Amino acid sequence: MNNPKKYLEMAFREALESPDCVTQSGAVIYHPDLDWITPGYRGLSYELEFNNYEISLTIKAEQAAIYRSALLGRKTNGATMFTCFAPSTDSAIAIVESGIKEIYTYEPLCDLAIKTEWKTTIEMG
């Protein structure tokens with residue numbers, strides 16, 4: 001990878017599009033062989049009640065980029081992802097299953113996140 005900083009900056013710009021003002025996060029998928037970029041950002045959380053169960057649904061930045069790639073017919077197998085934070089367990093599963101081979105994150109934010117309530121989820125991811 002010749003310039004990961006460039007793509008991390010794109011991920012941070014994408015995070016600014018997030019309507020979730022608490023956890024603004026962005027991600028970018030880059031496929032070097034096909035020369036395309038697909039962005040994604042964290043969406044709003046939705047609280048639903050179903051059969052007396054409360055369900056929280058949130059589209060995470062990494063997942064949004066993967067879903068957008070699929071929608072556009074872009075192959076993710078062999079691609080690289082750039083993201084603002086370390087992926088959660090759910091996002092890590094999506095990343096692995098989509099064939100993304102490499103992830104770059106912004107290390108100081110990952111260190112900060114590990115000191116918070118996200119620690120367990122990040123370590124599992």
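## The largest nonpolar core

In this predicted model, the largest nonpolar core is built from eleven residues: Ala27, Ile29, Trp36, Ala61, Ala65, Ile66, Ala79, Met81, Ala94, Ile95 and Ile100. Strand E1 (26–31), helix H2 (61–71) and helix H3 (89–97) are the elements that each supply two or more of them. H2 gives the most, with three residues.

Pick out Ala79, one of the core's members. Setting aside neighbours within four places in sequence, Ala79 is in contact with Ile29, Tyr30, His31, Gly99, Ile100, Lys101 and Glu102. Apart from this core there's another one, of ten residues, including Tyr7, Leu8, Phe82 and Phe85.

Now for helix H1, which runs over residues 4–15. At 1.5 Å a residue, its twelve residues should span 16 Å, and the end C-alpha atoms sit 17 Å apart, which agrees.

Tyr7, Leu8, Met10, Ala11, Glu14 and Ala15 are the buried residues of H1. Look down the helix axis and they fall within an arc of 155 degrees, so they line one face of H1. The buried residues of H1 pack against E1, E2, H2, strand E5 (80–83) and strand E6 (102–105).

## A glycine in a loop

Gly43 sits in the loop between strand E2 (36–41) and strand E3 (45–50). Is Gly43 buried or exposed? Its relative accessibility is 7%, so Gly43 counts as buried, the cut-off being under 20%.

Leaving out residues up to four places away in sequence, Gly43 touches Pro19, Asp20, Thr58 and Ile59. Gly26 is 17 residues from Gly43 in sequence, and their C-alpha atoms are 9.9 Å apart in space.

Key
Residues are numbered from 1 along each chain as its sequence is written. This is a predicted model: local features need pLDDT of at least 70, side-chain atom pairs count only at pLDDT 80 or more; totals for chains, interfaces and linings use all residues. Side-chain values use heavy atoms; hydrogens and water are left out. Helices (H or I, at least four residues) and strands (E, at least two) are DSSP runs, numbered from the N terminus. Buried means under 20% relative accessible area, exposed over 50%, partly exposed in between (1.4 Å probe, protein chains only). Contact means heavy atoms within 4.5 Å. The expected span of a helix is 1.5 Å times one less than its number of residues. The arc is that of the directions from the helix axis to the C-beta atoms. A nonpolar core is a set of buried Ala, Val, Leu, Ile, Met, Phe, Trp, Tyr and Cys residues joined through side-chain atoms within 4.5 Å.
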